[in-house]
Amino acid sequence: MSSEKPFWEGKTLMEIQNLDQRVKVTMENGDVFIGKLIRRSRDTDGICHLSMQLDAHRTYLHVFSAESSDTPPVIPSYVDTIELVDDPEYERIDNIENVQVGDIACTTEGNHFRVIDLKPDPLGDMLLRIRISEIDGEYCIDSDDFAYALRRKPKLPDHDGLWWDKDNALWSVAISGLDNSKLVALLIGDPESPVTGSVWSGLNSKHVTSQAPFRPAKAVEA
C-alpha cells in the first residue's frame, strides 16, 4: 500500500471536479474505469455525488460523495482506489476532427486504441480506423464512440546545456529565467543550416518542435 496521500485529500468536492483530469477508478471487485469526473448531483437525502460517465447511454458511476460541494468527499465502499492518470507527456485532443494518425483514440467505453487511418464520412461524421491487435484486426469508430485522443508531446529541452535534435544537430540551450516558455538556442552542429548568434524561440514554436525529439548531449558523445 502506497504511503502517498490520495490526490483528493484536503480538497472539497468542487475542487476535485475543477482539476479537470482523468482518473482511474478501481472497484473492490477488480473492475477498472477511466474517465473524467464530470457530473455533480444531489440525491434525495441531500448527499452530493461526483460521478464519471461510463457509456454513451449516460450511465454514471458515483466516485465521490460529500455533504455539499464545499466539503471534503469520501469514496463509496464499492470503490477501492482512485488515481490521477493524465500523463504530462501526452496532449489531450477532444475534437475528433483534430485527431492524427498515430494518436491514441479513447472510446466512450474507456478503451484505448492507436489510430492508423482517418476516413472522413461523406455525411460529415469523421471516422477513425484503429488497430485492436494483430490477431483481432482493425475497425472504425465514429464521433459517437469517440471520447478523446492522446498525442505524445515532443521531447523538448527542459534544462540548460547541449542537446541533440532529431537530425543529430547540436544545440546550445539556455532557458530564460524570466519566462520558461522561451529559450535561447544556438544551432551549432548542422553544417548544412548554419545559424550565427542566438535564436529566441518559444518552446512550442515550430522552429523548435519541428526538430523534436531532443535528447541531452553527453560530453563523451561525438
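A polar contact here is a pair of N or O atoms within 3.5 Å; within protein, one must be able to donate a hydrogen and the other to accept it, and residues adjacent in sequence count only if both atoms are side-chain atoms. The model is predicted, so local features need pLDDT of at least 70 and side-chain atom pairs pLDDT 80 or more, while totals for chains, interfaces and linings use all residues. Residues are numbered from 1 along each chain as its sequence is written, and side-chain values use heavy atoms, leaving out hydrogens and water.

Let's start at Q17, in helix α1 (residues 13-18); helices are DSSP runs of H or I with at least four residues, strands runs of E with at least two, both numbered from the N terminus. The side chains of Q17 and R40 are joined by a polar contact of 2.3 Å, and the Q17 side chain also reaches the backbone oxygen of I38 at 3.5 Å. Q17 counts as buried because its relative accessibility is 18%, where buried means under 20% relative accessible area, exposed over 50% and partly exposed in between (1.4 Å probe, protein chains only).

Next comes the sheet. Five strands form an open sheet in the order β4-β3-β2-β1-β5, with antiparallel pairing; two strands pair if DSSP finds at least two bridges between them. β4 (60-66) and β5 (79-84) each have a single partner strand, so one side of each lacks a neighbour in the sheet. β5 pairs with β1 (residues 22-27) in the antiparallel sense over 5 bridges, and V25 has I82 in β5 as its bridge partner.

Finally, look at K153, in the loop between β11 (146-152) and β12 (161-164). With a relative accessible area of 43%, K153 is partly exposed.
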